[in-house]
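Subject: Structure handover

Hello,

Here is the structure I promised you. Please open it and keep it beside this email as you read.

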Amino acid sequence: MLGLKQLRRWRKKNLSWFHPEYEANGLAVKNRKLDFLDEPRFVAAWEAAVAGNREGWPRKMPDIRWRAHMACWAGRHALTLEGDFVECGVHTGLLSMTVCHYLDFATLARRFWLFDTFAGIPVDTLPAAERDKAEAFNESHYFDVWEIAERNFAPYPNAQLVRGVLPGSLAEAELARIAYLSVDLNSASAEKAVMEALWERLAPGAPVLIDDYAFKGHDDQYETWNAFASSRGRMIATLPTGQGLLLR
Ligand SMILES: C[S@@+](CC[C@H](N)C(=O)[O-])C[C@H]1O[C@@H](n2cnc3c(N)ncnc32)[C@H](O)[C@@H]1O
């Protein structure tokens, strides 16, 4: 029989992975400082975004708080640069509402351009190879969320929803310099098209947060992003969340 000390030692050695300090959205972590997730300003921002986004996720809202924290970090860094904020792929705004709340965006002399159809992935404009996956996403996740999105961003008069099909809808915004870019379209061809259109407008050093970069099942996006980064002499950092981080 094991004594108490030996039992503790055995548990530490053999069961440690069953007790991660953080476990959500496919990521389990032990033995790391995670205070950033409990920072009161971030907690308030995340909770406000969760409250506003529930209706956008009728099945189950994903616990993407670490991803949202990365977006807040990128947004905070972007405040040291010149330019507006942009998100391509907004849905009801889980990421970008967290950023708006965290940065108190209504008080900033910048605009946040939020591009989406607000009704799912436009299948007709996709190459044939992407259509089945997009149709499956539309069926399982997306519906007309325009009114929810309008309500969620109403407290931020400098956040501008742009409804339309990307990349064409970029022309509807008065986009000059961009300090922060979040791309989350679940479509390799659309993501490539917006990057080709926006790269030159990014401020030097501006962060591009790529939401689905290193997720299994998103291989075409991964390859497309790597080829894009390489064509611009850059390398994408794979974050533990599965996001990619590319700097202009
Ligand atoms: C994964 S969701 C975005 C989630 C969002 N970033 C959040 O924080 O909840 C992907 C979104 O991209 C939009 N989308 C995909 N392709 C698009 C395109 N070509 N033009 C405009 N919107 C598109 C869909 O309507 C959908 O709302």
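Below is what was found, from the whole chain down to single residues.

Keep in mind that this is a predicted model.

The whole chain

The chain has 8 helices and 9 strands. Its C-alpha trace spans about 70 × 45 × 40 Å along the principal axes. How does the radius of gyration fit a compact globule? A compact globule of 248 residues would have a value near 18 Å, and the chain has 19 Å, so the two agree. Of the 248 residues, 48% are buried. The accessible surface is about 12,900 Å². Carbon and sulfur atoms account for 53% of that surface. Now take the contacts between residues at least 6 apart in sequence: 75% of them join residues at least 24 apart.

Helix α7

Find helix α7, residues 188-198. Which of its residues are buried? They are Ala 188, Ala 190, Glu 191, Val 194, Met 195 and Leu 198. These residues lie on the same side of α7, because they cover an arc of only 165° around the axis. An α-helix has 3.6 residues a turn, so residues three or four places apart point the same way. What covers the buried residues of α7? The cover includes two helices, α5 (128-140) and α8 (219-231). It also includes the strands β3 (84-88), β6 (178-183) and β7 (207-210).

A residue in β7

Ile 210 sits in strand β7. Is Ile 210 buried or exposed? Its relative accessible area is 1%, and under 20% counts as buried, so Ile 210 is buried. Leaving aside neighbours within four places in sequence, Ile 210 is in contact with Val 183, Trp 225, Ile 236, Gln 243, Gly 244 and Leu 246. Ala 71 and Ile 210 are 139 residues apart along the chain. Their C-alpha atoms are separated by 9.9 Å.

A polar backbone atom of Gly 120 is 3.2 Å from an oxygen atom of the ligand. For a polar backbone atom of Leu 94, the distance to a ligand oxygen is 3.4 Å. On its own, the ligand has 600 Å² of accessible area, and the protein covers 96% of that.

Backbone details

The peptide bond from Leu 166 to Pro 167 is cis, with omega near 10°. Pro 167 is in the loop between β5 (159-163) and β6.

Two asparagines also deserve a look. Asn 25 is not a glycine, yet it has a positive phi of about 55°. Asn 25 lies in the loop between β1 (22-24) and β2 (27-29). Its relative accessibility is 29%, so Asn 25 counts as partly exposed. Asn 31 also has a positive phi, of about 60°, although it is not a glycine. Its place is in the loop between β2 and α2 (40-53). With 63% relative accessibility, Asn 31 counts as exposed.

Best wishes

Key:
Residues numbered from 1 in each chain as written. Predicted model: local features only at pLDDT ≥ 70, side-chain atom pairs only at ≥ 80, totals over all residues. Heavy atoms only, no water. Buried < 20%, exposed > 50% of the residue type's maximum accessible area, 1.4 Å probe, protein only. Helix = DSSP H or I, 4+ residues; strand = E, 2+ residues; numbered from the N terminus. Arc of directions from axis to C-beta. Contact = heavy atoms within 4.5 Å. Polar contact = N/O pair within 3.5 Å; in protein donor to acceptor, adjacent residues only side chain to side chain. Areas by Shrake-Rupley, 256 points an atom, 1.4 Å probe, with all protein chains shown as cover. Rg over C-alpha atoms; globule rule 2.2 N^0.38 Å.
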